[in-house]
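Subject: Structure for you to look at

Hi,

Here is the structure I said I would pass on. Have a look at it first, and then read on for what turned up in it.

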Amino acid sequence: MIVCVCKSVSDRKIRAAIADGADSFEALQFELGVATCCGKCEQSVREVMAQCGICESQCGVERRAPAQPAHITFYERKAA
C-alpha cells in the first residue's frame, strides 16, 4: 500500500528501511523522503513504525492490543 503519495513510498519500503537499520522517524525521512512535502503521510508512517515495534516512545504512537473480533449473530428470516 502506498503510504506517501508525494514520494511514492509504500509500507513495504518503510518496513525494508526499518529492517536495514532505520530506527527513527527522522531516519525514514532522510532515507525515503516521507513526510517532507505535504506531510499528510506522517501519521501513517508512524503507525507502520509502531507495527514494527520501532520508536514507540519517540514517534508518539502507542501500540494497541489487537482488536477482538466482534461476535456476530445470524438470524433466520421466516416467511409471514
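Before the details, one term: when I say that residues meet or touch, I mean a contact, with heavy atoms within 4.5 Å. Also keep in mind that this is a predicted model.

Let's start with the overall layout. The chain has four helices and two strands, and from the N terminus the order of elements is β-β-α-α-α-α. There are 80 residues in the chain, and buried ones make up 31% of them. The accessible surface is about 6200 Å², with 50% of that belonging to carbon and sulfur atoms. If you take the contacts between residues at least 6 apart in sequence, 39% of them join residues at least 24 apart.

Now the inside. In soluble globular proteins, nonpolar side chains tend to be buried together. Here the largest nonpolar core holds 16 residues, and the members that touch the most others are Ile14, Ile18, Leu28, Val34, Cys41, Val45 and Met49. Two or more core residues come from each of β1 (2-4), α1 (11-19), α2 (25-32) and α3 (42-51).

Which residues bring α1 and α3 into contact? On the α1 side they are Asp11, Ile14, Arg15 and Ile18, and these meet Val45, Val48, Met49 and Gln51 of α3. The spacing in those lists is worth a thought: an α-helix has 3.6 residues a turn, so residues three or four places apart point the same way.

Two packed helices are described by the angle between their axes and the distance between the axes. For α1 and α3 the angle is about 50° and the axes are 10 Å apart. Angles from 65 to 115 degrees would count as roughly perpendicular and those under 35 as roughly parallel, so α1 is oblique to α3. The crossing of this pair is right-handed.

Staying with α3, its buried residues include Val45, Arg46, Val48, Met49 and Ala50. Take Met49, which sits in this helix: its relative accessibility is 1%, so it counts as buried. Met49 is 35 residues from Ile14 in sequence, yet their C-alpha atoms are 8.0 Å apart in space.

Where does Val34 lie? You'll find it in the loop between α2 and α3, and because its relative accessibility is 0%, Val34 counts as buried. Leaving aside residues up to four places away in sequence, Val34 touches Cys4, Val9, Leu28, Gln29, Cys41 and Val45. Val34 is also 27 residues from Lys7 along the sequence, while the C-alpha to C-alpha distance between the two is 6.6 Å.

The loop between α2 and α3 also contains Ala35. Its phi is near 60°, a positive value in a residue that is not glycine. Is Ala35 buried or exposed? It counts as buried, because its relative accessibility is 16% and the cut-off for buried is under 20%.

Ser8 is not a glycine either, but it has a positive phi of about 55°. At 42% relative accessibility, Ser8 counts as partly exposed, because that class covers what falls between under 20% and over 50%.

Ser10 belongs to β2 (residues 9-10), and its 14% relative accessibility is why it counts as buried. Among residues beyond four places away in sequence, Ser10 touches Met1, Ile2 and Val3.

If you open the model, I'd begin with the pair α1 and α3, which pack at about 50°, and then turn to Val34 in its loop between α2 and α3.

Cheers

Notes
Residues are numbered from 1 along each chain as its sequence is written. This is a predicted model: local features need pLDDT of at least 70, side-chain atom pairs count only at pLDDT 80 or more; totals for chains, interfaces and linings use all residues. Side-chain values use heavy atoms; hydrogens and water are left out. A nonpolar core is a set of buried Ala, Val, Leu, Ile, Met, Phe, Trp, Tyr and Cys residues joined through side-chain atoms within 4.5 Å. Buried means under 20% relative accessible area, exposed over 50%, partly exposed in between (1.4 Å probe, protein chains only). Accessible areas come from the Shrake-Rupley method with a 1.4 Å probe; for residues, only the protein chains shown count as cover. Axes are lines fitted to C-alpha atoms, for helices over the stretch in contact, and angles run from 0 to 180 degrees between N-to-C directions. Angles under 35 degrees count as roughly parallel, over 145 as roughly antiparallel, 65 to 115 as roughly perpendicular and the rest as oblique. A crossing is left-handed if the near helix is turned anticlockwise from the far one by less than a right angle, and right-handed if clockwise.
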